[in-house]
Amino acid sequence: MRTELERISELVAQNPKMVFTSLYHLITIDLLRQCHQEMNGRKAVGVDSVTKDTYEAQLEENLSDLVARLKGKQYRPQPSLRVYIPKANGKKRPLGIAAYEDKLVQDALSRVLSAVFEPRFQKSMHGFRPNRNCHTALHELNELIERGKTNYIVDADIKGYFNAMEHRIILDLVKFRLADPNILWLLKKTLTAGVQEEGKWRATTRGSEQGNLASPIIANIYMHYALALWFDKRFKPTCRGECGLVVYADDFVATFQHKEEAERFLQAVKERFKDYGLELEPEKTRLIEFGRYARENRKKKGQGRPETFDFLGFTHYCSKSQKGSFRVKRKTSRKKMKMRLTEMNEWIRTNRHLPVRTIIAETNAKLRGHYQYYGITDNSKSIKTYYYRTLKALFKWLNRRSQKRSYTWEGLNDLLKVFPLIQPRIRVSIYG
């Protein structure tokens, strides 16, 4: 099945205007079994409380029944269980946890949609795509600013993007290249399954639940047509200066050589988004002077140092290399640093009763994950701060395992010789 989906992607790459009218037959017991095998069984369960192990106990019977219901149009997805996760700004993000069987269907649907649309996406899009991630987005942005003629930045965020996408538009966009009525039926069922919150069912008339395994590809399809394709084919050709775009999920940064074109883009994209039911987040959308001449120009105008902007958890600022040439540098944003340190401190506090070996092992896992993401070129100071603040949290909470003081700093250092913490180091080169 993987080969057949890959073949579809090859056909799309060879003929981008190809329209598929019959792909529903690809959602077979073999594809669903593959989805099951690759499903993370440690994820939270939905309203049915069914786990991967429970479903696997009668896997073939369950899959045969599911395929029969899909073919007979008798499949009815259950509502997603609504939970909330904290955001860096103190607010909470809604997350939908689907029932296990619905996760399999969502995953299968996602794979079919990806086979058709992934080869069509603009190269400026980096979120939820194979061989692309936050670091590739940062690399491309770095190229646009350091090697291009960037003088102005539009840093933007879309207000409630995943919950704002209109179902009618989603279906129309998919139908544009995948006109299979059965796939469209299944997609609509997935989008309108509703959510259950505090025991009450609520309809979903807009958006695609974050947590739905098909949401990433749906969001990318929407963003491709609403922004990325429009920018490359419609807006960019009207600019006399250089401009560029980097998109990651619902965040994007546009670069411009001329201020008037940046201003025109900001107004044009607002109007463009209205057609798609989208709206920019005013507090997170800014036009700033940024680039190799920003420091000199602002100094002449008495405007002080160049402004900074946050993108993908990093604060970007104008600086210089050791040789004195212009450089864009990055550090962990204040909001993200505060959030990550709070999470680390809270984990150590609530788990300080565990054996020291276990605490250190889990702390190292968290440190490793932090370094892998934030350990990029020029961010040494921030990841060292994260390490030392983690060390202080360990000292504090290990000394509160009982009323009697457990460790001096010397004692903790001796402990760490036996169970060492992973030292901070740069893991990703922004120029690689």
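This is a predicted model: local features need pLDDT of at least 70, side-chain atom pairs count only at pLDDT 80 or more; totals for chains, interfaces and linings use all residues.

User: Start with α13 and α14. At what angle do they cross?

Analyst: The axes of α13 (residues 334–350) and α14 (residues 356–374) cross at roughly 170° and come within 11 Å. With an angle over 145° counting as roughly antiparallel, that is why α13 is roughly antiparallel to α14.

User: Which residues make the contact?

Analyst: From α13, the contact uses Lys 336, Arg 340, Met 344, Trp 347 and Ile 348. α14 supplies Ile 359, Glu 362, Thr 363, Lys 366, Leu 367, His 370 and Tyr 374.

User: How do those divide into nonpolar, polar and charged?

Analyst: Six nonpolar, two polar and four charged residues make up the contact of α13 with α14.

User: Thr 363, then: buried or exposed?

Analyst: Thr 363, in helix α14, has a relative accessible area of 0%, so Thr 363 is buried.

User: What does Thr 363 touch?

Analyst: Leaving out residues up to four places away in sequence, Thr 363 touches Met 344, Trp 347, Ile 348, Thr 390, Leu 394 and Leu 421. Met 344, Trp 347 and Ile 348 also belong to the α13 side of the helix contact.

User: Switching to strands. How many bridges between β1 and β2?

Analyst: Six bridges pair β1 with β2 (residues 92–97), in the antiparallel sense. Pro 86 stands opposite Lys 92 of β2.

User: And β1 with β4, parallel or antiparallel?

Analyst: β1 (residues 80–86) and β4 (residues 195–197) run parallel, joined by two bridges. Ser 80 has Val 195 in β4 as its bridge partner.

Terms used:
Residues are numbered from 1 along each chain as its sequence is written. Side-chain values use heavy atoms; hydrogens and water are left out. Axes are lines fitted to C-alpha atoms, for helices over the stretch in contact, and angles run from 0 to 180 degrees between N-to-C directions. Helices (H or I, at least four residues) and strands (E, at least two) are DSSP runs, numbered from the N terminus. Angles under 35 degrees count as roughly parallel, over 145 as roughly antiparallel, 65 to 115 as roughly perpendicular and the rest as oblique. Contact means heavy atoms within 4.5 Å. Ala, Val, Leu, Ile, Met, Phe, Trp, Tyr, Cys and Pro count as nonpolar, Asp, Glu, Lys and Arg as charged, and the others, Gly among them, as polar. Two strands pair if DSSP finds at least two bridges between them. Buried means under 20% relative accessible area, exposed over 50%, partly exposed in between (1.4 Å probe, protein chains only).
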